[in-house]
Amino acid sequence: MSWDALVLAGGTARRLGGVDKPALTVDGQTLLDRVLAAVDGAREVIVVGPARRVAVTRPVVWTRERPPGGGPVAALAAGLELVCAPLVAVLAADLPFLTAATVAALVRAVGGAGRDATGAGRTGDDPPWGALLVDPTGRHQYLTGVWRTSALRACLPAAPAGVSLRSVLAGQRVLALPADGRTTLDCDEPADLERARLWARMGP
């Protein structure tokens, strides 16, 4: 089943002092470039955020949330307007150890799901809305997942600016794929970035 990639690369990075977070580097690559490398198998790659120079040679479609800085749900709504594939990978731009293999596993989980799809204590015949990673603490990573495009569009609020992504997606029927702390690391704070740089120096 074909899929598009939607990378959320806006935001203010307040916990990092307001820096341009997607442009921060780990092992010589920007965080955004590392995520873009993991979605090379996508039919289309859409980045929601300010247009910038990237290392990938494939075309990237750029768009902005409305209003700029309106939050992840506003960014998701803006990006979904450009998605045409039946599945879409929704990813943060600050995942230094996301790999193509992990994204492919999420795509397979959604595209091949059947009667074992569960969510919020329910089991049914309907396919799951998506598949996402779960970190070692049991926290669902809503910005590391693959979703059915039609399902995401159906659950978006009419006024998405300032709405919490977790409030929109929590409780939906999803497949949860356990992942280690390295795979699910996102660089929200200076300590996260330093940890990523240390782990990158240590190798796989």
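These legends describe close-up views of one predicted model. Residues are numbered from 1 along each chain as its sequence is written, and side-chain values use heavy atoms, with hydrogens and water left out. Local features need pLDDT of at least 70 and side-chain atom pairs pLDDT 80 or more, while totals for chains, interfaces and linings use all residues.

**View 1. The largest nonpolar core has 30 residues.** A nonpolar core is a set of buried Ala, Val, Leu, Ile, Met, Phe, Trp, Tyr and Cys residues joined through side-chain atoms within 4.5 Å. Buried means under 20% relative accessible area, exposed means over 50%, and partly exposed lies in between (1.4 Å probe, protein chains only). W3, V45 and V47 touch the most other members. At least two residues each come from β1 (3-8), α1 (31-38), β4 (45-48), β6 (87-92), α3 (100-111) and β9 (130-134). The top contributor is α3, with 5 residues. Helices (H or I, at least four residues) and strands (E, at least two) are DSSP runs, numbered from the N terminus. Another core, of 21 residues, lies apart; I46, V88, V134 and V174 are among them.

**View 2. V45 and its contacts.** Contact means heavy atoms within 4.5 Å. Neighbours within four places in sequence are left aside here. V45 then touches A5, L36, V39, R58, P59, V60 and V61.

**View 3. D33 sits in helix α1.** Is D33 buried or exposed? D33 is buried, because its relative accessible area is 11%. Beyond its neighbours within four places in sequence, D33 is in contact with V54, A55 and V56. A93 is 60 residues away from D33 in sequence, yet their C-alpha atoms are 8.5 Å apart. The rest of the structure largely encloses α1, because 7 of its 8 residues are buried. These are L31, L32, D33, R34, V35, L36 and A38.

**View 4. The structure holds 1 aromatic pair.** Rings of Phe, Tyr and Trp (its six-membered ring) pair if their centres lie within 6.5 Å; planes under 30 degrees apart count as stacked, over 60 as edge-to-face and the rest as tilted. F97 and W199 form a tilted pair, because their ring planes meet at 45°, with centres 6.2 Å apart. F97 lies in the loop between β6 and α3, and W199 in helix α6 (residues 190-202), 102 residues apart. F97 is buried at 8% relative accessible area, whereas W199 is partly exposed at 24%.

**View 5. The charged end of R182 sits over the ring of F97.** Such a charge has NZ of Lys or CZ of Arg within 6 Å of the ring centre and within 35 degrees of the ring normal. For R182, the distance to the ring centre of F97 is 4.1 Å.
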